[in-house]
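Dear colleague,

Here is the structure I said I would pass on. My notes on helix packing and salt bridges follow below it.

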Amino acid sequence: MKECHLYSNASCCFANFTEELVSPVTKVENTKWDVCQQLSDRCETYMKRVECFYRCSPQAAHWMNPSYTAGFLNVPICVNFCDSWYDACKDDLTCAKNWLTDFKWDNDGNHCQHDCVPYSKMYTDGTDMCQSMWGPSFSPSSSEGRCLRMDDQDDTVLSHILCPSSSSKSAASDQEEPCHQSSLILDEISPDQEIWDSLLVSSLFAIVSKLAKWTEYVAYLAG
């Protein structure tokens, strides 16, 4: 894999896709990243981390959007990750607040419908950016151990994020208590079984996503 090395041991994307993410990135499938200008190196790095999670992570299928199967719904993303992402991109330019709905789309990809402005003017802060850029895909969270940072710690916190228990808080730390029950259940599953189960679900997610995009494209051509 040229990029997305975080998922090289258990990936739901093909190596040829990651070639699109080799710097400088101009376009990923049908979406132009340089629609206003070439992204800075720092901004591009964070965009890659989000794109790699979306395309390659075995965890992604847990948050499939039932109304739009090619997308996510309320992925718990850490506020401090959002803040770092915002800081990295604040001086870059964009012309769309919501990248899913605010562009004009055609066979050549996305096009601006509004003027290009710095991210710092388009978004108030990191939380606003995470809540807006990809529609309802992300839900910023300040609960340590229950949010994703798109890094090698995500596997560790996954059992806590998916914990079915209540979100009671520890009086001592004023933070949510870890999900011991979920951790114990995962401990009883063999690593191989856990990996294959996750890959199976995520592979189905990838197939459904591709079919959804193809259906939208056919509908566009028919219209």
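Arginine 42 and aspartate 87 form a salt bridge through their side chains, with 3.1 Å from N to O. The model is a predicted one. Since arginine 42 belongs to helix H2 and aspartate 87 to helix H3, the pair ties together parts that are 45 residues apart in sequence. Arginine 42 is partly exposed, at 48% relative accessibility, and aspartate 87 is also partly exposed, at 34%.

The two helices concerned are H2 (residues 41-56) and H3 (residues 79-89), whose axes come within 7 Å and cross at roughly 140°. That makes H2 and H3 oblique to each other; the crossing is left-handed. On the H2 side the contact is made by Arg42, Cys43, Tyr46, Met47, Arg49 and Val50, and on the H3 side by Phe81, Ser84, Trp85, Asp87, Ala88 and Cys89. Of these residues, eight are nonpolar, one is polar and three are charged.

The structure has nine salt bridges. One of them joins glutamate 44 to lysine 48, with the closest N and O atoms 3.5 Å apart. Both residues lie in helix H2, four residues apart, so about one helical turn separates them. Glutamate 44 and lysine 48 are both buried. They also belong to a salt-bridge network that includes Glu3.

Another salt bridge pairs arginine 149 with glutamate 144, where the closest N and O atoms are 2.6 Å apart. Arginine 149 is partly exposed at 21% relative accessibility, and glutamate 144 is partly exposed at 39%.

Regards

Definitions and conventions:
Residues are numbered from 1 along each chain as its sequence is written. This is a predicted model: local features need pLDDT of at least 70, side-chain atom pairs count only at pLDDT 80 or more; totals for chains, interfaces and linings use all residues. Side-chain values use heavy atoms; hydrogens and water are left out. Axes are lines fitted to C-alpha atoms, for helices over the stretch in contact, and angles run from 0 to 180 degrees between N-to-C directions. Angles under 35 degrees count as roughly parallel, over 145 as roughly antiparallel, 65 to 115 as roughly perpendicular and the rest as oblique. A crossing is left-handed if the near helix is turned anticlockwise from the far one by less than a right angle, and right-handed if clockwise. Contact means heavy atoms within 4.5 Å. Ala, Val, Leu, Ile, Met, Phe, Trp, Tyr, Cys and Pro count as nonpolar, Asp, Glu, Lys and Arg as charged, and the others, Gly among them, as polar. A salt bridge is a side-chain nitrogen of Lys or Arg within 4 Å of a carboxyl oxygen of Asp or Glu. Buried means under 20% relative accessible area, exposed over 50%, partly exposed in between (1.4 Å probe, protein chains only).
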